[in-house]
Amino acid sequence: MKTILVAPDSFKGTLSAQQVCDITEKAFKDTIGECNIIKLPLADGGEGLCECMHKICGGDIKSAAVAGVFGEPMQAEYLMLSDGTAVIEMAASAGLPLAGDNKNPCLATTKGVGELMLDAVKQGAKKIMLGLGGSATNDCGTGMAYALGWRFYDENKNELFPVGGNLQEIKSFSAPEKAFPIPVECACDVKNPLYGKNGAAYVFSPQKGADEEMVKRLDDGLKNMAEIILSETGRNVAEIEGAGAAGGLGAGAVVFAGAVLRKGIEIILDTSGFDSLLPEADLVITGEGRLDSQSAQGKVISGVAKRASEKGKTVVTLCGCKGDGAEEILNHGVSKMYFCCNEPKPFEQVVKDCEKDLYNAALLIAKDFN
């Protein structure tokens, strides 16, 4: 009996990773009949990290009152594992969907992220796994830092509440009396530097509501923060791979919370016991909503394909649609690509057809594999 390991990311905006697994399983069993489907829904550090870790490790969902994207009061959840690890998605309080129709990275804050971290400490956490992804922010993690007790000042030593739009005005900062008391490991799904043409503002802020003028303002602010951080701490965050994740929260977490950045998919694959599932797999299927050039840069697909192909396993991708540079993934252990939508569709139609289209694409894999 053939064994298929299905290990996808979510198809953001349409299907959860678990739904992708379930629909793929149905397609294979409708085609092949007797087969063993191992379902392993994954995430890479963005939305879905808590759900993924909850399925793998169990744990308890916690809730805390924190500041939302624009400082408004809200309730946000995180996951506490039995070993004392608090799994926190920055998107739980500072995610792009929370901004609604009022997206503005100049005003958005990561303060709620810091408040979730403090609540986790209060609840007895021994370590924090912080998911960087899906942000509405571009504040270099200064909002998080503010919640943790850091303070920021302009050239006249006036205190500022830092947001993306006023980072240029910051000329110094001061640390809290005590450093953040527990280790922080950031699950990061991008390699982007803090600033510059490949940095947080230029690459990601347009989808957060920034126009051309705002992008430059935000980038100048991040560059200023890098210079102030270098001056105040001697740390050159501009050289850190992934510093630009989540609007610069990657850099901020390192400086203000003593965090270590790791590829999110590597953390999750280690935790899930992925390597132990590979020996019995005859085929590995992975995927995400849109396969493009970024998919090879530390996302779920590249992480799964790298480990599986190194063990001599056949890997195929099952994705929603094909973007620019998708073929690059074929250089990273993937043997063939399958897509739910081969022609562009309005998003409303994609949502309506997503389950049917995924099933049909999975049927093609099953028929080819059979």
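Modeller: We can start with Lys306 and Glu310, whose side chains meet in a salt bridge, N to O 3.0 Å. Keep in mind that this is a predicted model.

Colleague: What makes the contact of Lys306 and Glu310 a salt bridge?

Modeller: The cut-off is a Lys or Arg side-chain nitrogen within 4 Å of a carboxyl oxygen of Asp or Glu. Lys306 and Glu310 have N and O at 3.0 Å, so the pair meets the definition.

Colleague: Why are Lys306 and Glu310 said to be separated by about one helical turn?

Modeller: Because they are four residues apart in helix α11, residues 300-310.

Colleague: Why is Glu310 called exposed, and what is Lys306 called?

Modeller: Exposed means over 50% relative accessible area, and buried means under 20%. Glu310 has 55%, so the word is exposed. Lys306 has 45% and therefore counts as partly exposed.

Colleague: What covers the buried residues of α7?

Modeller: The buried residues include Met214, Leu218, Leu222 and Ile229. Among the elements that cover the buried part of α7 are α5 (142-147), β9 (172-174) and α8 (245-257).

Colleague: How many aromatic pairs does a search of the whole structure find?

Modeller: The search finds six. One of them is Trp150 with Phe173, at 5.8 Å centre to centre and 65° between the planes. The pair links distant parts of the chain, with Trp150 in the loop between α5 and β7 and Phe173 in strand β9, 23 residues apart.

Colleague: Why is the pair of Trp150 and Phe173 called edge-to-face, while Phe152 and Phe173 are called tilted?

Modeller: Ring centres must lie within 6.5 Å; planes over 60 degrees apart count as edge-to-face, under 30 as stacked, and the rest as tilted. Trp150 and Phe173 are at 65°, so they are edge-to-face by that cut-off. The ring centres of Phe152 and Phe173 are 5.9 Å apart and their planes are at 50°, so that pair is tilted. Phe152 lies in strand β7 and Phe173 in strand β9, so parts 21 residues apart in sequence are tied together.

Colleague: Are Trp150, Phe152 and Phe173 buried or exposed?

Modeller: Trp150 has a relative accessible area of 12% and is buried. Phe173 is buried at 8%, and Phe152 is buried at 0%. Ring pairs link Trp150, Phe152, Phe173 and Phe256 into a cluster.

Colleague: What makes Asp357 count as buried?

Modeller: Its relative accessible area of 11% does, since buried means under 20%. Asp357 forms a salt bridge with Lys345, their closest N and O atoms being 2.7 Å apart. Lys345 is partly exposed, at 32%.

Technical notes. Residues numbered from 1 in each chain as written. Predicted model: local features only at pLDDT ≥ 70, side-chain atom pairs only at ≥ 80, totals over all residues. Heavy atoms only, no water. Buried < 20%, exposed > 50% of the residue type's maximum accessible area, 1.4 Å probe, protein only. Helix = DSSP H or I, 4+ residues; strand = E, 2+ residues; numbered from the N terminus. Contact = heavy atoms within 4.5 Å.
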